[in-house]
Amino acid sequence: MPTCLLGARRAVHLSLLLAGLLLMPWAMASSVTENGETFERTVEEDGQRYRLIGSGVLRYMIWTAYAGAYYQAADETQPQPLGDVPRRLELAYFHAIDAPDFAESTTESLKKSLTAYEYSQLEADINAFNRSYQDVEPQDRYVLSWDGDALRLALNGETLFEGGNAELASAMFGIWLGERPLSDDFRDALLGKN
């Protein structure tokens, strides 16, 4: 083989090796950061392993409200936020919010996204869920999770609500990930589309 061809091949191999080394820290990163809040790429909870699908920041009018990350069971390759797969949504807050404001916002969002019949079928469960909210301070984190059997709401690792069914889980996840979410941009970021 001519010497110039060997030199060219070595240069290409060296370039590929250097590119790989530069990308390695990003590929091996065990977490992502959104506006100063860190989310792990994989999470284990109650024996279920979850894989990060996407993350982003919700901006509401002039405020940066919270950062979030959406996870699904590690063996699920396609986002199914309203399916019956194990999934979790983690939200890290940048501002204090009172519990009654969470309940009011949840009710309003669900009334917009569900039909009147669907809402009436879930109303008792929605009311029980809303009663579980607590006030949050900056850096507090809510986690909404569905393990295939029960919907859970936890604040900073403490379970506040456990129960419901797949329909309630889909309705609750739909607030952020459904057809009419709080923010299309935030939904798309959580689903790994941006």
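# Close-up views of a predicted model

**View 1. Asp 98 is partly exposed, with a relative accessible area of 42%.** Here and below, a residue is called buried under 20% relative accessible area, exposed over 50% and partly exposed in between (1.4 Å probe, protein chains only). The structure is a predicted model, in which local features need pLDDT of at least 70 and side-chain atom pairs count only at pLDDT 80 or more, while totals for chains, interfaces and linings use all residues. Residues are numbered from 1 along each chain as its sequence is written, and side-chain values use heavy atoms, with hydrogens and water left out. Asp 98 sits in the loop that runs between strand E6 (87–93) and helix H2 (99–113), where helices (H or I, at least four residues) and strands (E, at least two) are DSSP runs numbered from the N terminus. Together with Asp 101, Glu 104, Glu 108, Asp 135 and Glu 137, Asp 98 forms a negative surface patch. Such a patch is made of residues with over 30% relative accessible area and no salt bridge, like charges being joined within 9 Å and nonpolar side chains within 5 Å.

**View 2. Ser 105 in helix H2.** Ser 105 has 34% relative accessibility and therefore counts as partly exposed. Although Ser 105 and Asn 130 are 25 residues apart along the chain, their C-alpha atoms are separated by 9.7 Å.

**View 3. A nonpolar surface patch is made by Tyr 60, Met 61, Ile 62 and Trp 63.** This patch covers about 560 Å². Trp 63, one of its members, belongs to strand E5, which spans residues 63–73. With a relative accessible area of 44%, Trp 63 is partly exposed.

**View 4. Strands E3 and E4 form a hairpin.** Strand E3 (residues 42–45) and strand E4 (residues 48–60) run antiparallel and are joined by four bridges; two strands are said to pair if DSSP finds at least two bridges between them. Within this pairing, Val 43 stands opposite Tyr 50 of E4. Two residues lie between the strands of the hairpin, and Asp 46 in the turn has a positive phi of about 50°.

**View 5. Strand E6 and its neighbours E5 and E7.** Seven of the seven residues of E6 are buried, so this strand is largely enclosed by the rest of the structure. In a regular strand the side chains alternate between the two faces of the sheet. In E6 both faces are covered, with Arg 87, Leu 89, Leu 91 and Tyr 93 buried on one side and Arg 88, Glu 90 and Ala 92 buried on the other. E5 runs antiparallel to E6 and is joined to it by seven bridges, whereas E6 and E7 pair, also in the antiparallel sense, over six bridges.

**View 6. A salt bridge between Arg 141 and Glu 37.** A search of the whole structure finds eight salt bridges, each being a side-chain nitrogen of Lys or Arg within 4 Å of a carboxyl oxygen of Asp or Glu. In the bridge between Arg 141 and Glu 37, the closest N and O atoms are 2.8 Å apart. Because Arg 141 lies in strand E7 (residues 141–146) and Glu 37 in strand E2 (residues 37–40), the pair ties together parts that are 104 residues apart in sequence. Arg 141 is buried, with a relative accessible area of 16%, and Glu 37 also counts as buried, at 11% relative accessibility.

**View 7. Asp 147 meets Arg 152, and Asp 184 meets Arg 187.** The side chains of Asp 147 and Arg 152 form a salt bridge of 2.8 Å from N to O. Asp 147 counts as partly exposed at 26% relative accessibility, while Arg 152, at 15%, counts as buried. The side chains of Asp 184 and Arg 187 meet in a salt bridge of 3.6 Å, N to O. Both of these residues lie in helix H5 (residues 184–190), where they are three residues apart, about one turn of the helix. At 43% relative accessibility Asp 184 counts as partly exposed, whereas Arg 187, at 16%, counts as buried. Elsewhere, salt bridges that share partners join Glu 37, Glu 45, Arg 88, Glu 90 and Arg 141 into one network.

Terms used. Areas by Shrake-Rupley, 256 points an atom, 1.4 Å probe, with all protein chains shown as cover. Lys, Arg positive; Asp, Glu negative; His and termini not counted. Charge placed at Lys NZ, Arg CZ, Asp CG, Glu CD.
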